[in-house]
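Colleague: I would like to go through this model feature by feature, with the general idea ahead of the case. Where do we begin?

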Amino acid sequence: MKFFIDTANLAQIKEAQDLGVLDGVTTNPSLMAKEGIKGQENILKHYVDICNIVTGDVSAEVISTDFDGMVKEGEALAKLHPRIVVKIPMIKDGVKAIKYFTEKGIKTNCTLVFSAGQALLAAKAGATYMSPFIGRLDDVSTDGLNLIEDIRIIYDNYGYETEILAASVRHPMHIIECAKIGADVITAPLSAITALLKHPLTDIGLAQFLADAKK
Ligand code: E4P
């Protein structure tokens, strides 16, 4: 399973990259705003800065909601760096735009997916990645992991190559459950990824080994 980090924070992206387990980055307009990145020029530069830190795919989201706007924006984003993946919302014109980019050989990430039907459409349009938001489903009392299970079955039934990118991951158990189900990718905050490191028995065992080594 690939590990993507879900942030636009350069220090956190570098920390995850240095850990040696990072396969890519996802961003969205809210995450960019959180870092105080404003204005088109700064936003585009920030994407390039991210691409220069990591070795994997970097999702950059369009903010247009019409086909022509998404195509124009997505083409400009794709030109920034070979690692850019154009992130497109699951709306009617978004599906058309994904198909357009697929035919042009430009990678896409279909975002804001909340149902199996939406996931099926994204795969049929040829999305490289398709992002179901499991945490936001959990927030409205709907099991996000059930959706990942359903999509896994559907994609396997037909051999769709679109990768299931579990998004809106909130904690380490989300990551473990996604791995059990067979999600292709998870995108998570650094805190959820580093939480996988922790176990009290590891700390106790290490303290004992270090103490015994001094004897
Ligand atoms: C995915 O690509 C999104 O950026 C992200 O995972 C959304 O997460 P949130 O629901 O925690 O905002």
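Modeller: With pairing: two strands count as paired if DSSP finds at least two bridges between them. Helices (H or I, at least four residues) and strands (E, at least two) are DSSP runs, numbered from the N terminus. This is a predicted model, in which local features need pLDDT of at least 70 and side-chain atom pairs count only at pLDDT 80 or more, while totals for chains, interfaces and linings use all residues. Residues are numbered from 1 along each chain as its sequence is written, and side-chain values use heavy atoms, with hydrogens and water left out.

Colleague: In what order do the eight strands close into a barrel, and is the pairing parallel or antiparallel?

Modeller: Strands of a sheet pair through backbone hydrogen bonds, and the pairing can be parallel or antiparallel. Here the order is β1-β2-β3-β4-β5-β6-β7-β8, and the pairing is parallel. On average, neighbouring strands of the sheet are turned by 30 degrees against each other, direction ignored. Axes for such angles are lines fitted to C-alpha atoms, for helices over the stretch in contact, and angles run from 0 to 180 degrees between N-to-C directions. Helix α3 (residues 40-53) packs on this sheet and touches β2 (24-26), β3 (57-61) and β4 (84-89); its direction makes about 165 degrees with that of β3. Contact means heavy atoms within 4.5 Å.

Colleague: How many bridges join β1 to β8?

Modeller: Four bridges connect β1 (residues 2-6) with β8 (residues 185-188), and the two run parallel. F4 has T187 of β8 as its bridge partner. Two bridges join β7 to β8, also in parallel, with L165 opposite V185.

Colleague: Which way do the side chains of β7 point?

Modeller: In a regular strand, side chains alternate between the two faces of the sheet. In β7 (residues 163-166), E163 and L165 point one way, I164 and A166 the other. All of these are buried, where buried means under 20% relative accessible area, exposed over 50%, and partly exposed in between (1.4 Å probe, protein chains only).

Colleague: Which residues other than glycine have a positive phi?

Modeller: Most residues other than glycine have a negative phi. L112, with a positive phi of about 65 degrees, is in strand β5. L112 counts as partly exposed because its relative accessibility is 32%. S168 has a positive phi near 60 degrees and lies in the loop between β7 and α9 (172-181). S168 counts as buried because its relative accessibility is 10%.

Colleague: Is G20 buried or exposed?

Modeller: G20 counts as exposed because its relative accessible area is 61%. G20 belongs to the loop between α1 (10-19) and β2.

Colleague: What is the volume of the largest pocket?

Modeller: Rolling a probe the size of a water molecule over the atoms shows where empty space is left. On a 1 Å grid over the protein atoms alone, a pocket is an open set of points where a 1.4 Å probe fits, with protein on both sides within 12 Å along at least five of seven lines; lining residues have an atom within 4 Å of a point. Grid points are joined across faces, edges and corners, and a volume is the space filled by probe spheres set on the points. The largest pocket has about 400 Å³. It is lined by 25 residues, of which D6, N28, L31, S168 and P189 are closest to its centre. The largest share, three residues, comes from α2.

Colleague: What classes of residue line the largest pocket?

Modeller: Ala, Val, Leu, Ile, Met, Phe, Trp, Tyr, Cys and Pro count as nonpolar, Asp, Glu, Lys and Arg as charged, and the others, Gly among them, as polar. This lining has seven nonpolar, 12 polar and six charged residues. The second largest pocket, with about 240 Å³, has nine nonpolar, one polar and two charged residues in its lining. There α3 gives the most, four residues; the lining includes P29, M32 and E61.
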